[in-house]
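Dear colleague,

Please find the structure below, handed over for your records. My findings follow it.

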Amino acid sequence: MAFLRIYKWSTLNKQIFLVLLVGILVGWLLASFSTIKQLNILSDPHTSGDLEEFHGPKADLGRHGAQEEFHKMEDPSIANKLKESVRILCWVMTQPKNHAKKAEHVRNTWGRRCNVLLFMSSKEDDSLPSIALPVKEGRDYLWLKTKEAFKYVYKHYLNSADWFLKADDDTYVITENLRYMLLTHRPDEAVYFGCRFKPYVKQGYMSGGAGYVLSKEALKRFIEIGLYNSTNCYKGYKGDEDVEMGKCMEAVKVKAGDSRDSLGRERFFPFVPEHHLIPGHVPKNFWFWRFVYYEHKEGMECCSDNAVSFHYVSPNQMYVLEYLIYHLRPYGINFNVDLPEGLKYSSIKYENHDSTNTPLI
C-alpha cells in the first residue's frame with residue numbers, strides 16, 4: 001500500500017514536471033517567435049500593419065545642441081528663402097489610435113519644416129492638433145478620407161500654400177529637397193508628383209504611401225471639377241486611394257509629373273532606404289517591380305542625393321533619419337548649394353503668392 005502511494009506520488013510529480021517543461025518550452029518558442037517577428041518587421045516593413053506593434057519614444061528627446069542657432073559652418077539662408085517662396089502645406093493621414101503612436105513623431109521631426117502642417121483623422125486631438133473629418137476609419141474609407149481632407153484644405157488653406165502634400169503617418173519627408181524639386185515648376189501648372197506606378201491608369205499614378213504633392217492648380221481641378229463635375233472621378237468611398245486619385249487626376253487633365261533627378265534617380269520611395277539600397281532585399285517576384293513606372297536600380301544608384309520621401313518608417317526610425325539627415329556631418333567636407341541655372345539666390349520668390357506667378361529671376 002505504501003509502495004502504491006509512493007508510485008502514484010512519483011507519477012504525479014513526473015506529470016507536473018512534464019507540464020512545466022512543456023509550458024516553459026512553449027513560452028520560450030512564443031517569445032523567440034515574437035522577437036524574430038519584431039526583428040523582421042524592423043528590417044522588412046512592407047505594410048503599415050508590420051509597424052502596428054512599434055511605438056516611438058515616450059520621453060521628449062529634446063533639441064540637438066545648437067539646432068535653434070543652426071550648426072556651425074552651415075548656412076541655411078537658401079533653405080529659408082525656399083521655404084518662403086515655395087510654400088508647402090503638408091497634410092498627414094492618421095487615425096485616433098496612431099495619434100500618440102505615430103503622428104506626434106511626424107510632428108516632432110520632419111513636419112516642423114512644412115509651411116502648414118495638418119493631421120487628418122476622424123477625431124479631434126488638441127495635442128497634435130488633428131482635424132476630425134466626417135469619415136469612418138479603415139482601409140475601405142481611405143479614398144473618402146482623402147477627398148474630405150483635400151476639401152478641407154481647399155476650403156481653409158487654398159491661398160496659404162503653393163503646393164499641397166499628402167503623406168501617411170509612417171512617411172518621412174525631406175521638405176527642403178521637395179522645395180528644390182518644385183522650384184522649376186509653377187503652382188498654376190496642372191501637375192502632381194510622387195513615386196510613379198504604371199498599372200490601372202494610362203499616365204500612371206503616384207504611390208499613396210510615398211506621398212504625393214499637388215500644385216495649386218491640380219488641387220483646384222480636383223475639387224472644382226473632379227469631385228463636383230467630372231464623371232470620371234469615383235464618387236463612392238471604397239477603392240484604393242492612390243489609384244482613384246490617379247484616375248481622377250488624369251480625368252481632370254492633371255499631368256503625372258516625372259520626379260526623378262537629372263541622373264534618372266528616384267526621389268520618392270515606397271519603402272525604407274534599406275529596401276532600395278540593398279540588392280535583392282525586395283524579391284523580384286514582389287509587386288513593386290510590376291508597378292514601378294521607371295526602371296529602378298538597386299544599390300547606391302537607387303536614390304537621388306536629393307531624395308524627398310521614404311515610407312514604412314517606424315516611429316523610432318523617424319528620429320534616426322532626423323539625426324542622420326540634419327545633424328550628422330563628416331568633418332572637413334563642405335557642401336555648396338547649387339540652384340537651377342538662371343535662378344539667383346537673392347530673388348527667389350513668388351510675388352504676392354498668386355497662383356499665376358513664377359519665381360522671379
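The accessible surface of the protein comes to about 19400 Å², and 55% of that belongs to carbon and sulfur atoms (Shrake-Rupley method, 1.4 Å probe; for residues, only the protein chains shown count as cover). This is a predicted model, in which local features need pLDDT of at least 70 and side-chain atom pairs count only at pLDDT 80 or more, while totals for chains, interfaces and linings use all residues. Residues are numbered from 1 along each chain as its sequence is written, and side-chain values use heavy atoms, with hydrogens and water left out.

Of the 361 residues, 47% are buried (under 20% relative accessible area; exposed is over 50%, partly exposed in between). The secondary structure comprises 10 helices and 11 strands (DSSP runs numbered from the N terminus: H or I of at least four residues, E of at least two).

Strand β9 (residues 212-215) is covered on both faces: Y212 and L214 are buried on one side, V213 and S215 on the other. In a regular strand, side chains alternate between the two faces of the sheet. F164 stands opposite L214, and F193 is the bridge partner of V213.

V320, in helix α10 (residues 315-326), is partly exposed, with a relative accessible area of 34%.

Yours sincerely

Technical notes:
Buried means under 20% relative accessible area, exposed over 50%, partly exposed in between (1.4 Å probe, protein chains only). Two strands pair if DSSP finds at least two bridges between them.
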